[in-house]
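Have the viewer open while you read.

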Amino acid sequence: MRIAITGANGLLGGAAVGLAAAAGHDVLGIGRGPCRLPPGGLGWADADLADGRSVESALLAFRAEAVLHAGAMTDVDGCEREPEAAWRANVGGTEQVARACRALGARLVAVSTDYVFDGTRGGYGEDDLPNPRGAYARTKRCGEEAALVIAPDAAVARVAVVYSGRRGAKPTFATQVVEKLSRGEAVKAFSDQVVSPTLAESAAEMTLELLLEHGYRGVLHTAGATALDRVDFARRVAARFGLSGEIVPVKTADVKLLAPRPLRSGLDVSRAAALLRSRPLPIDVALDRFHAQWAARG
């Protein structure tokens with residue numbers, strides 16, 4: 001099958017490219033600039049979600065049969081500084097992808113975020129009403145609707161706090177915990193942010209299965225199975241890597257952040273667990289895989 005994956009230089013997109021190519025699919029990775037993935041097994045299109053047409057053109061030229069739309073402007077504070085750029089990438093870019101899927105009759109799974117919720121209570125299910133705060137959250141929520149309205153065969157997969165230990169993956173909170181504690185530095189972590197950390201490779205497995213094996217339409221939560229605060233997450237990462245050192249709890253309100261963050265945004269993943277063969281991972285299982293990825297870097 002011809003599968004296109006946007007955001008292919010990113011955490012989830014890069015993991016999905018590797019899985020789809022290994023399964024023998026004809027894969028087109030789409031991202032800004034040159035491909036940063038290991039060579040072999042895929043085509044590449046340098047295209048910008050924010051420019052209005054290049055991603056759509058790449059999808060049409062490739063004649064994609066299925067599209068995993070993992071690309072986005074994800075710098076939360078950057079979106080707050082540049083809301084127009086955030087809109088062009090996260091809403092206009094998704095519109096590009098959805099238009100192409102409609103024209104091609106292609107299946108679409110668009111990746112979204114726990115930030116669409118305001119974080120007042122946590123444990124959010126797919127049927128709970130979003131209430132996004134800030135430019136990033138609002139544009140991602142609008143992007144969800146663009147995908148579902150424009151593409152006839154579409155699903156939205158929400159993830160949260162994505163991380164990976166594979167070689168070449170971009171830095172995340174989880175990798176910073178490992179690196180800082182390994183250097184003897186203290187790690188600051190929010191004690192009042194409850195999240196559902198998501199291993200990129202697990203999310204890639206779930207979203208590809210949703211894309212290729214199911215006709216599910218609408219929203220599905222494909223995050224990690226364990227909701228916990230960031231201090232607990234950091235401590236669990238440290239314990240799995242056998243690292244000691246200081247993890248300093250801080251309150252979100254005590255740190256100068258440009259964009260608002262939802263404080264209790266854990267996602268209920270029971271629907272995905274019932275639907276998918278690739279189930280959401282409990283935190284200890286995910287951290288075992290994360291540790292193995294890190295060790296494989298050599």
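## H4 against H5

Helix H4 passes helix H5 in a right-handed crossing, where right-handed means the near helix is turned clockwise from the far one by less than a right angle, and left-handed means anticlockwise. This is a predicted model, in which local features need pLDDT of at least 70 and side-chain atom pairs count only at pLDDT 80 or more, while totals for chains, interfaces and linings use all residues. Residues are numbered from 1 along each chain as its sequence is written, and side-chain values use heavy atoms, with hydrogens and water left out.

H5 covers residues 135-150, and its axis and that of H4 come within 9 Å and cross at roughly 15 degrees. Axes here are lines fitted to C-alpha atoms, for helices over the stretch in contact, with angles running from 0 to 180 degrees between N-to-C directions. That makes H4 roughly parallel to H5 (under 35 degrees is roughly parallel, over 145 roughly antiparallel, 65 to 115 roughly perpendicular, and the rest oblique). On the H4 side, the contact (heavy atoms within 4.5 Å) includes Trp-87, Asn-90 and Val-91; on the H5 side, Tyr-136, Thr-139 and Cys-142 are among the residues involved. By class, this contact has 11 nonpolar, four polar and four charged residues. Ala, Val, Leu, Ile, Met, Phe, Trp, Tyr, Cys and Pro count as nonpolar, Asp, Glu, Lys and Arg as charged, and the others, Gly among them, as polar.

## The sheet

Now for the strands. Seven of them form an open sheet with parallel pairing, in the order S3-S2-S1-S4-S5-S6-S11. Strands (E, at least two residues) and helices (H or I, at least four) are DSSP runs numbered from the N terminus, and two strands pair if DSSP finds at least two bridges between them. S3 (43-46) and S11 (218-221) are the edge strands, each pairing on one side only. On average, neighbouring strands of this sheet are turned by 20 degrees against each other, direction ignored.

Over at S11, strand S6 (residues 154-159) pairs with it in the parallel sense over four bridges, and Ala-157 stands opposite Leu-220 in S11. Helix H4 (residues 83-104) packs on the sheet too, touching S1 (2-6), S4 (66-69) and S5 (107-113). The direction of H4 makes about 170 degrees with that of S4.

## H8 and its two partners

Which helices does H8 cross? One is H6 (residues 173-182): the two axes come within 10 Å and cross at roughly 55 degrees. That makes H6 oblique to H8, and H6 passes H8 in a right-handed crossing. Phe-173 and Val-177 of H6 are among the contact residues, as are Ala-234 and Ala-238 of H8. This contact divides into 10 nonpolar, no polar and one charged residue.

The other is H10 (residues 283-296), whose axis comes within 10 Å of that of H8 (residues 230-241), crossing at roughly 50 degrees. H8 and H10 are therefore oblique to each other. Their contact includes Arg-236 and Arg-240 of H8 and Asp-284, Asp-288 and Trp-294 of H10. By class, there are seven nonpolar, one polar and four charged residues.
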